[in-house]
Amino acid sequence: MKVTAIIPAAGSGTRMGTDRPKQLIELGGQPILAHTLRAFEGCSSVEDVILVVSKETFSFCSKHILPCFPKVDKVVFGGKKRQDSVFRGLEAVRADTEIVVIHDGSRPFVTAEQIACSIDLCRKARAVVTAVPVTDTVKYVANGVVKRTLERSGLWLAQTPQTFSFPLIWKAYQRANKEGFYATDDSALVERLGIKVAVLQGSYQNIKITTPEDLAVAQVILNQRNKRRER
Ligand code: C5P
């Protein structure tokens, strides 16, 4: 079964407050996006990668990142929201692709093993979301006041990779586009078709780098991993 990965990396990263998009900020001497792509390059279940970037970062990526990652088959320009960017990636998928793995460019700590597990489960389940159980208590807040405390058991935080049979995710995106429905992840678009999405337990280290605080945490995770590799 041919597997293609789509990496949306076209966000502007305004919450990071830096002059460059977050996926191009350096972590351990390399852009965050390079760490992410390395995991896909090292995952033998993935045949090719479609990278979604903004027009502003295209030339930087072409010059400094792409030469190191031969699995990147196509680079396409993203859209206004994450969902628009992923859709551009889906439009670029080759006709013989059967499974699509979607993973945020700004989650550099995904491992080749997690990607492979997600693909394996997708062969049986058709739709897979990586997630971790919530460890904090979650409040629903409106106008600065707690409206409700949610029951913690059963609450999970969705991450990526999210992996789908290609015809299924294509149908989900077509439906969402037609109905003008936007969500913050891909699984939500499949869920609203009434399809069961299997959950694969992920890792708390698979963080999405969004704020300067995340970058500090990312540095600690990277140091830990490098130390483990040296042993
Ligand atoms: O905005 P958010 O943190 O949810 O972004 C998750 C991923 O989607 C990031 O890798 C970001 O670069 C990407 N993205 C995109 N196009 C957008 C917005 C976000 O590819 N318009």
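**Backbone features, aromatic pairing and the ligand site**

Pro161 is located in strand β10 (residues 156-165); helices (H or I, at least four residues) and strands (E, at least two) are DSSP runs, numbered from the N terminus. The model is predicted, so that local features need pLDDT of at least 70 and side-chain atom pairs count only at pLDDT 80 or more, while totals for chains, interfaces and linings use all residues. Residues are numbered from 1 along each chain as its sequence is written, and side-chain values use heavy atoms, with hydrogens and water left out.

The peptide bond leading from Thr160 into Pro161 is cis, its omega being near 10 degrees. A further backbone feature occurs at Arg126, a residue other than glycine with a positive phi of about 75 degrees. Arg126 is placed in the loop between α4 (112-125) and β7 (127-133). Most residues other than glycine have a negative phi, and most peptide bonds are trans.

The whole structure contains 4 aromatic pairs, defined by ring centres of Phe, Tyr or Trp (its six-membered ring) within 6.5 Å, with planes under 30 degrees apart counted as stacked, over 60 as edge-to-face and the rest as tilted. One of them, Phe58 with Phe77, is edge-to-face, at 5.5 Å centre to centre and 75 degrees between the planes. Because Phe58 belongs to helix α2 (residues 58-65) and Phe77 to strand β5 (residues 72-77), this pair ties together parts that are 19 residues apart in sequence.

Around the ligand there are 16 residues, each with a heavy atom within 4 Å of it. Pro8, Ala10, Lys80, Ser85 and Lys208 come nearest. By class, the shell comprises 3 nonpolar, 6 polar (Gly is counted here) and 7 charged (Asp, Glu, Lys and Arg) residues. Polar contacts are pairs of N or O atoms within 3.5 Å. A polar side-chain atom of Ser85 lies 2.6 Å from a ligand nitrogen atom. Polar backbone atoms also take part: that of Ala9 is 3.4 Å from a ligand oxygen atom, and that of Lys81 is 3.4 Å from a ligand nitrogen atom. Taken alone, the ligand exposes 450 Å², of which the protein buries 88% (Shrake-Rupley method, 1.4 Å probe).

How values were computed
A polar contact is a pair of N or O atoms within 3.5 Å; within protein, one must be able to donate a hydrogen and the other to accept it, and residues adjacent in sequence count only if both atoms are side-chain atoms.
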